[in-house]
Structures are given as structure tokens and as C-alpha cells.
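Thanks for coming. I will go through two parts of one structure, and I will keep it short.

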Amino acid sequence: MDKPSSGLAWLALRRDQPGNASERLRQLGLGQIPLTHDAFHGLKPWRSAAHLEELLMASGVLPAVDKYICSFQRWLPNHLAEITDPEHAKTIRLFASWRVLPRLRARADRGHITPSIRRFAAEQTKYATAFLLWLGERNTTLASCGQIDVDAWWAENSEHGRNCLRAFLNWAMLSRHCRRALSIPAMKATRRATLSEDERLDALGRLLTDQDTPKILRVAGVVVLLYAQPLTRIVRLTVDDVVHDGQAVLLRLGEPASPVPKPAASLLLDYIADRNHMNTATNQASPWLFPGRRAGQPFRPDHLSALLNKIGVPVAAARGAAIRQQLLEMPAPVVADALGYHDKTTTRLLNETGGTWSRYAAGDHTRSPAGWAPRGPGNS
């Protein structure tokens, strides 16, 4: 470590409290704690245990497992212990083991799990538990649950609650824990408001010129406002995704890589030379464009979203404005390839904006995405 004092301070932290780092390392060395993920999931306090687990994974001592799968497996036993009805606890354990966890693992195999996916997994489990309790208050069980019960629960709960329960009902029907003839109402799609083009350009201008805002927020916000990227994808960018050939700077979001306009390019290169959270032992060679505090992990997207909102960049609204502006200037398939979107998504958004193919002029559509540029004699 460049500053070993920080590592020594961590080892000395909370020495008078049970579960401190020094005590856990000593117990591991003596074989009192098995060197397995399951053993770590039962340790208290869970935050310090999770931090040590991630350090051991980053160092190659423990096999790599998605941190959010570990988080869910750590949370589940506590939730099950709070369920007073043994049959309910058994059903929820089966649901979590055979439906929720396999889906989380499959998602991790395809790419990565985000904090929102982890939260939704817990919400599905919580709403399934609440549904069983609600059925009991109606003097019925999951096995005898009828369509009238499903419709009544749907009427009493929010759209979020309905979406959370959907997986449990589907699992219960397929596994014959309830009647297979139940009908589950379809999901309702919602559309969020977007920034106006003037608001998008104003936010972009502030980020490019405001020296008081931390660079990490300025760079992340610029990527959102220029390229309509979700934060879950932004935090997974690496320094290798920034291509600098001495003249142009490109950002690899899809194929081909997207040109970065000069004001944003300078900001991006300055930030790479002085990234956050690079002083810990496991982060010195971090490839992440936005390294996190935890060993080997990128910045948390939910934390980044909260910080961007505080400086006046509402991420969902900014993304909506950016992608719609792109679609007004380039064909939907070109936007999809360059920004890593599915072509069906860009086509749907194009139709919602009222755009048509006849609006596109012939010529080069591979130019830099539309964005803010400083006004001067050559700009109107």
C-alpha cells in the first residue's frame, strides 16, 4: 500500500469490540472460522464480515462470488427467523432457494447484479411472506387460494407490490403449491418525464465548467447527458473503454466507439489521471473507471445516482432527454449500436417521439452525439 498506515488503522479499528478485523483474521488463522462463504454469511457484525470477505475474494483467497448474492444469502436467514408460522417459513425458504437465488445466479453468470436487482429479490421475498400472512388473516392458505383472493390482494396493493408478488405466484402455480388455474393481471408500463433539451444542455454546461463539483460526478453526469447511459453500465466502464489515440478521444459503449467532444474529452482524461479510491491495497491497479471503496468493486450505482441528484442531474430524466435527442439526429439502429441499446428499444422510443425515417438527411451519421459546446465566434 502507498499508505500502510491506513491498513494498520483498519486492523486496529474497534479492537475492544467483538468481530473486529484483527479478531476475525486470528480466528481464520487458527481454523476457528472455516474459509468459506457460508461461514462469513453467519458472522456478526455483517458489515465488517462482508468487507473482509470482499478483501479475501479480491486477493484470491476466497473464490469470487457476486457480492450481492452474498448479501442476499446473508439477509435470508434473518428474514426466515422472523416468520412465526413454520409452514410459511418453509414455503418462503423453498421459494427463495428454488426461484429467487437461481435467478440471481443466472443474472450474475450473464453479467452482473446491481443494487436494485438485489433489493428487488428481497422485496419479492418480503411480499411473498406478507401475502401468506394476509391469506391467513382471511382464513385461507396458499393451497386453497382462489382467484377472488388474488384479485382482492391486487386491489389493496400498489403496482410495486403487485410486481413483487408476481414471481411468487408464478412459482407457486408451477410447483403446485397453489391452484394452477389462477390468473395474474398483466404489468402496467409507466413512463417517466424527461428533461427538456434546454434543461439537458444547461446541466451539461454546468458539469463541463463547474470546478467546485467533484470530477467523478462531473464525468458520470456528462456520460449520462451525452450518451444516455444507465448508471449500472457507467460504473462498469473500465479505463480501457476510453480510447485515446493522441488526437481523438473515444468512449467504447457499443460499436463503433462514440467520439467524445473536446470539452468533455479534456475532463475525462484529467479525471482518469486522478481517479478516486485508488490508495487501498486492492485498488492500486483497479481497471474501473469509477473505482469503489470496497475491494475490487466499482462505485455503487445507487450511491452515484443520489450524488448526481444532489447536484441537479436527475438520472432517469437526463437519460430520457439524451436518448431522444440522439434519435432526432441519427437513425435508431445507429444509436442502438453506438450506445449499447437494443434496436427494439430505440425504435420504440423513436416512435414515441414522433420521429420517422424520412426526417434523416443523407450523409455521415457517425458524428459525435449532440451535446453542449462553448459558445464563441465560430458557434451560433
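Before the first part, a word on terms: a helix axis here is a line fitted to C-alpha atoms over the stretch in contact, and the angle between two axes runs from 0 to 180 degrees between their N-to-C directions. Note also that this is a predicted model.

Start with helix H11, residues 215-227, and helix H13, residues 262-272. Their axes come within 10 Å and cross at roughly 140°. That angle makes H11 oblique to H13, since roughly antiparallel would need over 145. The crossing of H11 past H13 is left-handed. Which residues meet there? On the H11 side they are Lys 215, Ile 216, Arg 218, Val 219, Val 222 and Leu 226, and on the H13 side Ala 264, Leu 267, Leu 268, Asp 270 and Tyr 271.

H9 has 16 residues and spans 23 Å from first C-alpha to last, close to the expected 22 Å. There is a bend of about 30° in H9 at Leu 165. Just after the helix, Arg 176 has a positive phi of about 65°.

Is H9 mostly covered or mostly uncovered? Mostly covered, with 12 of its 16 residues buried. Among them are Gly 161, Cys 164, Phe 168 and Trp 171. The buried residues of H9 pack against helices H6 (86-110), H7 (115-137) and H8 (147-156).

Leaving aside residues up to four places away in sequence, Asn 163 touches Phe 120 and Met 187.

How values were computed. Residues numbered from 1 in each chain as written. Predicted model: local features only at pLDDT ≥ 70, side-chain atom pairs only at ≥ 80, totals over all residues. Heavy atoms only, no water. Contact = heavy atoms within 4.5 Å. Helix = DSSP H or I, 4+ residues; strand = E, 2+ residues; numbered from the N terminus. Expected span 1.5 Å × (residues − 1). Bend = angle between axes of the 7 residues up to and from the residue. Buried < 20%, exposed > 50% of the residue type's maximum accessible area, 1.4 Å probe, protein only. Parallel < 35°, antiparallel > 145°, perpendicular 65-115°, else oblique. Left-handed = near helix turned anticlockwise from the far one by under 90°.
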